[in-house]
Amino acid sequence: MRMSKLFGRTLRESPAEAELISHQLTLRAGLVRQLAAGIYSYLPLGWRVLCQIERIMREEMDAIGGQEMQMPVVNPAAIWRATGRYDAPAPGPALLRFRDRAGHDMVLAMTHEEVVADLLRSEVHSYRQLPFMIYHIQTKFRDEPRTRGGLVRVREFTMKDAYSCHADFCSLDEFYERIYQAYVNIFQRCGVQAIAVAADVGVMGGAASHEFMVLSAKGEDTLAICPQCGYAANVEKATFAKPAGVSEAERPIAKIATPGCKTIADVAAFVGVPTCQTLKALFYTTESGEIVLALIRGDLEVNLVKLANVLAGADLRPSSEDTLRSAGIVPGYASAVDLSGFRVIADDSITLGSNFVAGANKEGYHLKNVNYPRDFAVSTLTDIARARAGDRCAECGAVLETPRAIEVGHLFKLGTRYSEAVGATYLDKDGQTQPIVMGSYGIGTGRLMAVIIEENHDEHGIIWPADVSPYPLHLLSLGAAPEVVTAAEQLYSHLQGMGYDVLYDDRNERAGVKFNDADLIGIPWRIVVSRKTLAQESIEIKNRSERAGRMIPLGQLEAILASSVAH
RNA sequence: CGGGGCGUAGCGCAGUCUGGUAGCGCACAGCGAUCGGGACGCUGGGGUCGGAGGUUCAAAUCCUCUCGCCCCGACCA
């Protein structure tokens, strides 16, 4: 490709809106251009990178028996109603809805479990057909409340999503190991260090899930990682060892005046107990208007994702003070003692300790010596606590680290949620009807491209890992001398004849401009033809990640390329 | 959805407070010189100042409304 004709220019300066390095470099190198918030065009260079990433994903999916196909972006709402996701609070408005001319409700697919389940109904009837895995690389649309970080969180993107179908969970577990390894391979080939962590299943539902995460200070997710035993989870999901509380013989409950003590810190200091001997009462309002009380020991914090899961995925908002007052609740002085009419979801930390200080449900008063279950009842007692930096690993007791990370892939053991919802069943050996067991596995290609850049750049630009580079070779001619131009043109033809895809900088630009653009675009091998090289009947070849190049005689070029550059 | 910021040439910005000829750098076009790290000289094209109302003799500038984009949070896969 001649750069003089390449569509898409490099930019000397970063557009003002770009904050992340990957966002700046994708714009400056001419890989993408933004059309609207979270909606991007891929220019030829960016598109080639995306195609390289897709090629790697195809190879790894095919290697474990995946069958590529293609499913539509526009879906009838009916199949989304069938699985319950059309009307559920999540994904809710993230699912873009519209009507066709006949007045049918339609959606833009944000993932393809529904279409897969629908296909399974008509295509799979026997255990003899199972297991198998299908996948496609297709546009997704998710109407995000907020886009972020260039290509990191967008509304329209392509995803490689794979779906495995099994006769039983045993088969799913077996396959899960294989796709897990395939994902490890993909990220490794793309030059990113991804780690797998236990994750919440979110709107996908199902039994278990893992996310592949790349550590990044700019990441949207926070992980809980144990440096000692290797435990790793998204904090949305993470468990930890809750410290023991104060253990005493239960004493009789007593009301005490605590004027102006509305926070846990105030109360603990005023009464003279550690925060772990207090109970925190938090109120959340669901999308249907129900007020739910989340109860947790005062030294811990509530994990909203865990709480929402207890409430079947409810969309929770902290209740406003006005809402609470009109429901007869005293903000700042509430507790579960003598409070009826609300669901109480309690963290199991309330059983670690005794003689807690809790609200008296009366302005200016708290209760001492509150004990569960002696003094109050709960609807659910489970783990709803959020792991924080400094908490200890539930497995081995070491101190957890909580780095930020960007999610680049997600594996779900879906189980039978979708197949049962739409009646996708097969007959087993005994002629019994069984639901098909499913898994789904996704990687966003554009986000992966951004993360590759985040992980592979220097102050001059991108440093593409060879497998994803838009071109393997970048040929520069320096100067307008006829003999240089002729030699460069000949070399360009020659390299193409050898089967190499070459980006050829044939522009009438100064050396500095060409060098800087080459560094910015980041192709692994740079070949220079100039007066200087011609004088020695050589060319200069330089790897993007090295500081200096080396002169090699023209005659040796072929051999050197063969040994170090993939076609 | 809450908080903050920004919309002036393709990009980066000044001008807005205090109303009075729309500017600068880069990029682009032409000419010249130069040709190994974003040099240089001359000339030139490009703008309904995001949009709509309003105030005014006069609005990029003041007022009202609105649209868009970015960042933080909520949320999210």
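This is a predicted model: local features need pLDDT of at least 70, side-chain atom pairs count only at pLDDT 80 or more; totals for chains, interfaces and linings use all residues.

Next come its two sides. Buried here means under 20% relative accessible area, and exposed means over 50%. In α5 the buried residues are Ser 171, Leu 172, Phe 175, Tyr 176, Ile 179, Ala 182, Tyr 183, Ile 186 and Phe 187. Viewed down the axis of α5, these buried residues fall within an arc of 135°, so they line one face of the helix. Cys 170, Glu 174, Glu 177 and Gln 188 are exposed on the other side of α5.

The ends of the helix can be described too. At the start of α5, the backbone nitrogen of Cys 170 has a side-chain oxygen of Asp 168 within 3.2 Å. Just after α5, Gly 191 takes a positive phi of about 75°.

Helix α6, residues 264–271, can be read in the same way: Ile 264, Val 267 and Ala 268 are buried. They cover an arc of only 95° around the axis, which puts them on the same side of α6. Ala 265 and Ala 269, on the other side of α6, are exposed.

A loop residue comes next. Glu 144 is in the loop between β7 (132–141) and β8 (156–166). Its relative accessible area is 19%, and the cut-off for buried is under 20%, so Glu 144 counts as buried. The side chain of Glu 144 makes a polar contact with the side chain of Arg 153, at 2.9 Å.

A search of the whole structure finds one cavity of 30 Å³ or more, and the largest cavity has a volume of about 40 Å³. Its lining consists of His 474, Ala 518, Asp 519, Ile 523, Arg 526, Lys 542, Asn 543 and Arg 544. By type, the lining residues divide into two nonpolar, two polar and four charged. At least two residues of this lining come from each of α12 (511–521) and β30 (538–543).

Conventions:
Residues are numbered from 1 along each chain as its sequence is written. Chains are lettered from A and ligands numbered from 1 in the order in which they are written. Side-chain values use heavy atoms; hydrogens and water are left out. On a 1 Å grid over the protein atoms alone, a cavity is a set of points where a 1.4 Å probe fits but cannot get out, and a pocket is an open set with protein on both sides within 12 Å along at least five of seven lines; lining residues have an atom within 4 Å of a point. Grid points are joined across faces, edges and corners, and a volume is the space filled by probe spheres set on the points. Helices (H or I, at least four residues) and strands (E, at least two) are DSSP runs, numbered from the N terminus. Ala, Val, Leu, Ile, Met, Phe, Trp, Tyr, Cys and Pro count as nonpolar, Asp, Glu, Lys and Arg as charged, and the others, Gly among them, as polar. Buried means under 20% relative accessible area, exposed over 50%, partly exposed in between (1.4 Å probe, protein chains only). The arc is that of the directions from the helix axis to the C-beta atoms. A polar contact is a pair of N or O atoms within 3.5 Å; within protein, one must be able to donate a hydrogen and the other to accept it, and residues adjacent in sequence count only if both atoms are side-chain atoms.
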